[in-house]
Amino acid sequence: MTRKKRRLYILLLCAIGLGSATALTLTAFQDNLVFFRSPSDIVRETPPPGRAFRLGGLVEEGSVQRQGEYQGRPAIRFRVTDGAHAIPVVFTGVLPDLFREGQGVVTQGMMGEDGTFRAREVLARHDETYMPPEVADALKRSGHWNPAQGAAPPAANWNTLDPQRPPAGQRSGS
Amino acid sequence: MENAGSNPRSSGSLHRFANPGRFLRLTDNWLPWLSWAALIVLGTGIVWGLWLAPRDWQQGETVRIMFVHVPMAWLAMGGYMGLAILSLMSLIWRHPLADLTARELSPIGAAVTALCLLTGSLWGKPMWGTWWVWDARLTSVLVLFFLWLGHAALVRAFDDPERGARMGAILALVGVVNVPIVKFSVDWWNTLHQPASVTRLDAPGMHVDILYPLLWCTLGFTLAFMAVTLAATRAAVMERRVRALQMAAARRADAPGGAMRSVEA
């Protein structure tokens with residue numbers, strides 16, 4: 001065996017060892033590496049009051065109310081849902097531009113005694129679809145997609161869509 | 001090379017330039033071509049991305065940060081894979097040019113990763129509502145940045161450049177485990193960062209009017225990355241050659257009666 005070959009085999013062996021060690025570590029950390037917990041996680045295992053954590057999900061349709069006061073400032077109340085369960089959230093402060101009903105959010109705060117999540121911070125998530133406003137309008141108008149009900153349909157349907165025309169097979173007139 | 005036949009002490013180091021010398025001659029014409037191609041592609045890419053491409057339906061004009069952010073992220077990871085290949089060449093075949101290129105590549109890679117983090121931060125504030133969060137994607141890219149920086153520092157930390165190159169190569173190869181973590185962090189764990197739009201198995205989640213300028217800008221930044229790396233590596237080869245000649249001249253001056261033949265400058 002030449003020296004080059006031996007070095008190659010040593011490196012391969014190291015790679016296998018390092019790779020499996022990393023894989024094992026990551027598998028062990030799988031549950032601890034979450035950035036936020038879903039409402040279903042919270043219902044299954046409610047964190048004790050006073051313990052801060054992040055709650056993530058979609059802002060439930062029609063749940064946003066701007067009335068009343070929270071900590072002496074105007075309150076924003078909404079519910080965060082993952083489809084199966086929903087958790088009421090109260091927040092005061094500046095919301096990110098993307099915050100709206102049906103949008104993904106990650107809120108940080110703690111559970112109150114009344115089962116309402118008291119958020120200190122609200123961050124918006126957005127999905128991985130990018131399209132011109134005209135295409136989004138055309139998709140919504142044609143009934144192909146309701147942003148409040150989840151992600152856009154597979155991009156193969158629309159990524160060559162001409163913004164000026166509605167999708168094929170749909171009624172004309174814009 | 002023309003220096004063959006000098007005494008054994010210097011022939012070892014001069015032999016090392018056999019390959020870099022050929023590299024210099026071979027790449028003599030590449031640099032202007034690469035630079036002009038990068039300038040033209042990036043120039044048109046700026047116009048295409050900043051003016052001609054449409055807004056995004058939910059992010060508005062802010063989406064244009066993507067045309068810098070995403071190429072920088074891809075270059076940070078792709079460049080790191082390049083560094084890993086150079087490290088393999090260095091460790092297995094003891095390729096001297098691989099050592100030099102890796103040494104010049106890591107500061108450029110660190111700069112690209114820093115730009116990725118900066119533009120991402122500027123994008124995150126208006127869209128997510130925060131400059132930074134410790135989610136899996138952002139944290140793993142920060143680790144990638146530190147790997148680039150660590151490699152750049154480590155290869156320069158030894159008096160013996162060969163030893164530094166070997167340590168750097170080992171660090172670079174160990175750091176490769178981070179690359180799939182960066183790539184798949186958004187799929188394995190829930191993160192604030194959204195999943196991949198382009199590099200995924202099904203169709204890109206992006207309208208072609210946004211996708212094409214993104215790919216065009218990526219081509220431009222990749223050409224620029226290659227041009228800068230090539231220029232830096234050529235400069236390093238020439239610098240080393242100058243230093244070898246100076247050393248040889250100094251040795252000749254120290255030992256006039258030595259067996260060493262003159263080295264043409």
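Visitor: What makes strand 4 and strand 5 of chain A a pair, and in which sense do they pair?

Guide: Two strands pair if DSSP finds at least two bridges between them. Strand 4 (residues 76-81) and strand 5 (residues 86-91) of chain A share six bridges, in the antiparallel sense, and therefore count as a pair. One place to look is A:R77, which stands opposite A:V90 of strand 5 of chain A. The two strands form a hairpin with four residues between them, and A:G83 in the turn has a positive phi of about 95°.

Visitor: Before we go on, what should I know about the model and its labels?

Guide: This is a predicted model: local features need pLDDT of at least 70 and side-chain atom pairs count only at pLDDT 80 or more, while totals for chains, interfaces and linings use all residues. Residues are numbered from 1 along each chain as its sequence is written, and chains are lettered from A and ligands numbered from 1 in the order in which they are written.

Visitor: Which other strand of chain A pairs with strand 5, and over how many bridges?

Guide: That is strand 7 (residues 117-124) of chain A, which pairs with strand 5 in the parallel sense over two bridges. Here A:V89 has A:F117 of strand 7 opposite.

Visitor: In which sense do strand 1 and strand 6 of chain A pair?

Guide: Strand 1 (residues 53-59) and strand 6 (residues 104-111) of chain A pair in the antiparallel sense, over six bridges. Within strand 6 of chain A, look for A:Q108, the bridge partner of A:R54.

Visitor: In what order do the five strands of the barrel in chain A close, and what is the pairing?

Guide: The order is 1-4-5-7-6 in chain A, and the pairing is mixed. Direction ignored, neighbouring strands of this sheet are turned by 55° against each other on average.

Visitor: How many helices and strands are there in chain B?

Guide: Chain B has nine helices and zero strands; these elements are DSSP runs numbered from the N terminus (helices are H or I, at least four residues; strands are E, at least two). Chain A comes to three helices and seven strands, running α-α-β-β-β-β-β-β-β-α from the N terminus on.

Visitor: Why is helix 3 of chain B called roughly antiparallel to helix 9 of chain B?

Guide: Helix 3 (residues 30-52) and helix 9 (residues 208-254) of chain B pack at an angle of about 150°, with their axes 8 Å apart. That makes helix 3 of chain B roughly antiparallel to helix 9 of chain B, because angles over 145 degrees count as roughly antiparallel (under 35 as roughly parallel, 65 to 115 as roughly perpendicular, the rest as oblique). The axes are lines fitted to C-alpha atoms, for helices over the stretch in contact, and angles run from 0 to 180 degrees between N-to-C directions.

Visitor: Which residues make the contact of helix 3 of chain B with helix 9 of chain B?

Guide: Among them are B:W30, B:L34 and B:W48 of helix 3 of chain B, with B:W216, B:F221 and B:L230 of helix 9 of chain B. Residues are in contact if their C-beta atoms, placed from the backbone, lie within 7 Å. The residues of this contact divide into 19 nonpolar, four polar and no charged; Ala, Val, Leu, Ile, Met, Phe, Trp, Tyr, Cys and Pro count as nonpolar, Asp, Glu, Lys and Arg as charged, and the others, Gly among them, as polar.

Visitor: Why are helix 6 and helix 7 of chain B roughly antiparallel to each other?

Guide: Helix 6 (residues 136-155) and helix 7 (residues 161-175) of chain B pack at an angle of about 165°, with axes 8 Å apart. That angle is over the cut-off, and the two helices are therefore roughly antiparallel.

Visitor: How many residues of chain B are in contact with chain A?

Guide: There are 37 of them, in contact with 35 residues of chain A. Helix 4 (66-93), helix 5 (96-127) and helix 9 of chain B each give two or more residues to this side, and helix 4 of chain B gives the most, with four.

Visitor: What makes B:W74 count as partly exposed?

Guide: B:W74, in helix 4 of chain B, has 18 C-beta neighbours inside 10 Å. A residue is buried if 20 or more other C-beta atoms, placed from the backbone, lie within 10 Å of its own, exposed if 12 or fewer, and partly exposed in between; B:W74 therefore counts as partly exposed. Of the 265 residues of chain B, 37% count as buried, while buried residues make up 26% of the 174 residues in chain A.

Definitions and conventions
Two residues are in contact if their C-beta atoms, placed from the backbone, lie within 7 Å.
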